[in-house]
Amino acid sequence: MINHIVMFRLEGEGPEVAQAALRFKDAIEALVFQIPQLVEASVGINANPAEKWTMVLQSKVESWDDLAAYAGHPAHLATVALIKPMIAERAAVDFLS
């Protein structure tokens, strides 16, 4: 199993960032019903204003090929487009479990 973890720091006005984060969360979590390779997906929105990251995505796939299929899937690309103009920083880690 491959665990795909991505942290995002979004820039913008407070309410705008919060709304974008919620739209992204809803859209990512719905992808498990649209992308067969995606085993699970969840987004946590940061509640601690002292931290710099806006949210974290946790997803799981079975293989590297599945990760590539998920990353390039049109539904995933449309979901990323929801926040792409606001992304100031992105960090990712993929690990095996």
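K52 is partly exposed, at 46% relative accessibility. That label has cut-offs: buried means under 20% relative accessible area, exposed means over 50%, and partly exposed lies in between (1.4 Å probe, protein chains only). The model is predicted, so local features need pLDDT of at least 70 and side-chain atom pairs count only at pLDDT 80 or more, while totals for chains, interfaces and linings use all residues. Residues are numbered from 1 along each chain as its sequence is written, and side-chain values use heavy atoms, with hydrogens and water left out.

Stay with K52. Its side chain meets that of E89 in a salt bridge (3.2 Å, N to O). A salt bridge here is a side-chain nitrogen of Lys or Arg within 4 Å of a carboxyl oxygen of Asp or Glu. K52 lies in the loop between β2 (38–45) and β3 (55–61), and E89 lies in strand β4, so the pair ties together parts that are 37 residues apart in sequence. The names come from DSSP runs, numbered from the N terminus: helices are H or I with at least four residues, strands are E with at least two.

E89 is partly exposed, with a relative accessible area of 26%. E89 has another partner, R9, in a salt bridge of 2.8 Å, N to O. R9 sits in strand β1 (residues 2–10) and E89 in strand β4 (residues 87–96), so this pair ties together parts that are 80 residues apart in sequence. R9 is partly exposed too, with a relative accessible area of 22%. R9 also meets E11 in a salt bridge (3.6 Å, N to O). E11 is partly exposed, at 48%.

What do these shared partners build? Salt bridges join R9, E11, K52 and E89 into one network. By this rule the salt bridges in the model come to 4.

Now look at T54, in the loop between β2 and β3. T54 is buried, with a relative accessible area of 12%. Which residues does T54 touch, not counting those up to four places away in sequence? They are F8, R9, L10, V17, A21, G44, I45 and N46. Contact means heavy atoms within 4.5 Å. The C-alpha atoms of T54 and E16 are separated by 12 Å, and these residues are 38 apart along the chain.

Turn to the helices. Two packed helices are described by the angle between their axes and the distance between the axes. Axes are lines fitted to C-alpha atoms, for helices over the stretch in contact, and angles run from 0 to 180 degrees between N-to-C directions. Helix α1 (residues 14–30) packs with helix α3 (residues 74–81) at about 170 degrees, with the axes 9 Å apart. The two are therefore roughly antiparallel. Angles under 35 degrees count as roughly parallel, over 145 as roughly antiparallel, 65 to 115 as roughly perpendicular and the rest as oblique.

Which residues meet between α1 and α3? On the α1 side they are F24, A27 and I28; on the α3 side they are H76, T79 and V80. By class, this contact has 4 nonpolar, 2 polar and no charged residues. Ala, Val, Leu, Ile, Met, Phe, Trp, Tyr, Cys and Pro count as nonpolar, Asp, Glu, Lys and Arg as charged, and the others, Gly among them, as polar.

Helix α3 also packs with α2, at an angle of about 55 degrees and with axes 5 Å apart. This pair is therefore oblique. Y70, A71 and G72 in α2 meet P74, H76 and L77 in α3. By class, the contact of α2 with α3 has 4 nonpolar, 2 polar and no charged residues.

A75 is in helix α3. A75 is buried, at 16% relative accessibility. Leaving out residues up to four places away in sequence, A75 touches L31 and Q34. The C-alpha atoms of A75 and A27 are separated by 8.9 Å, with the residues 48 apart along the chain.

End with D66, in helix α2 (residues 64–72). D66 is buried yet has no salt bridge. The nearest side chain of opposite charge, K60, is 14 Å away. For charge, Lys and Arg count as positive and Asp and Glu as negative; His and the chain ends are not counted. D66 touches Q37 and V61, again not counting residues up to four places away in sequence.
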